[in-house]
Amino acid sequence: MVLLSFDIEEFDMPFEYKGEISFEKQISISQTGLERILNILKKHNAKATFFSTVVFAENSKHLIERLLNEGHELASHTWFHSAFEEKHLKESRERLEELFSTKVTGLRMPRMMPVDEKEVEKAGYSYNSSINPTFLPGRYNNLKVSRTYFKEGNVVQVPASVSPNFRIPLFWLSFHNFPLSLYKKLASDTLKKDKYLNIYFHPWEFAEIKDTAFKLPGFTVKNTGKDMVERFDSFVGWLKDKGHSFGTFQEFQKQIKG
């Protein structure tokens, strides 16, 4: 099973690089990208999971309703993208459920931040996908964490996929910066070894973000916008042609329990 997931959030990445962007633009850029993602998924009849901040969801109700109507899963990306308190774990889950009358069972922390697993369980989640089991300088070193899913208390941990050899991360940055042929090879190796693939992206990658005011480094904007739309469309089509199925995290959880 291929687990496509998207962290849908206010596009605040320019602040990490001392750039400037208004709140309205943060939301509109992510909305543009989300629409493009939903169109690609609809074209290929592929289901995915969307981890949303409450801030983005409250400002994008029509798009969240659309993704739910099209059979995708809504999960929590906490309340804000750049501020976190432990109480946001439970509050964000409850607010998303209240807004959209859907069951929210999954969590992904913004920027894959570490989180107290006991608090995750207390907040009512059954799975957490907040670990990238690799080494990323300045971000995290999770080389000792399991590459594949495991149970911690009553919560299933579903780490982002890395290659079986050398733990090369298959997250959004490698999708943009590796030749697509290399990325496909790593994805194939991982699917063969693990029997599933868990890869994540963001809606703003599918929008136009090459704005000098944002001050984003080249490796973050390479193959974004229309280039990303074409690249991702091609990749999903390739997976489909290979006979792989696409599922939500909730469906995956049922499968591994079975």
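Predicted model: local features only at pLDDT ≥ 70, side-chain atom pairs only at ≥ 80, totals over all residues.
**Stop one: H88**

Select helix α4, residues 87-100, and find H88 in it. Is H88 buried or exposed? Its relative accessibility is 5%, and buried means under 20%, so H88 counts as buried. Apart from neighbours within four places in sequence, H88 is in contact with W79, F80 and A83.

Next, select L4, F6, F50, F201 and F232. The largest nonpolar core has 71 residues, and these five touch the most other members of it. A separate, second core has ten residues, among them L3, V156, Y196 and F249. In soluble globular proteins, nonpolar side chains tend to be buried together.

Stay with L4 and display its contacts. Which residues does L4 touch, not counting those up to four places away in sequence? They are L41, A48, T49, I199, F232, V236 and F246.

**Stop three: N128**

Move to strand β5, residues 127-128, where N128 is found. With a relative accessibility of 1%, under the 20% cut-off, N128 counts as buried. Select S130 as well: a polar contact of 2.5 Å joins its side chain to that of N128.

Finally, show the residues around N128. Not counting residues up to four places away in sequence, N128 touches L107, R108, V115, E117, V120, V155, V156, Q157 and V158. One of these, V156, is included in the second core from stop two.

Conventions
Residues numbered from 1 in each chain as written. Heavy atoms only, no water. Helix = DSSP H or I, 4+ residues; strand = E, 2+ residues; numbered from the N terminus. Buried < 20%, exposed > 50% of the residue type's maximum accessible area, 1.4 Å probe, protein only. Contact = heavy atoms within 4.5 Å. Core = buried A, V, L, I, M, F, W, Y, C linked by side-chain atoms within 4.5 Å. Polar contact = N/O pair within 3.5 Å; in protein donor to acceptor, adjacent residues only side chain to side chain.
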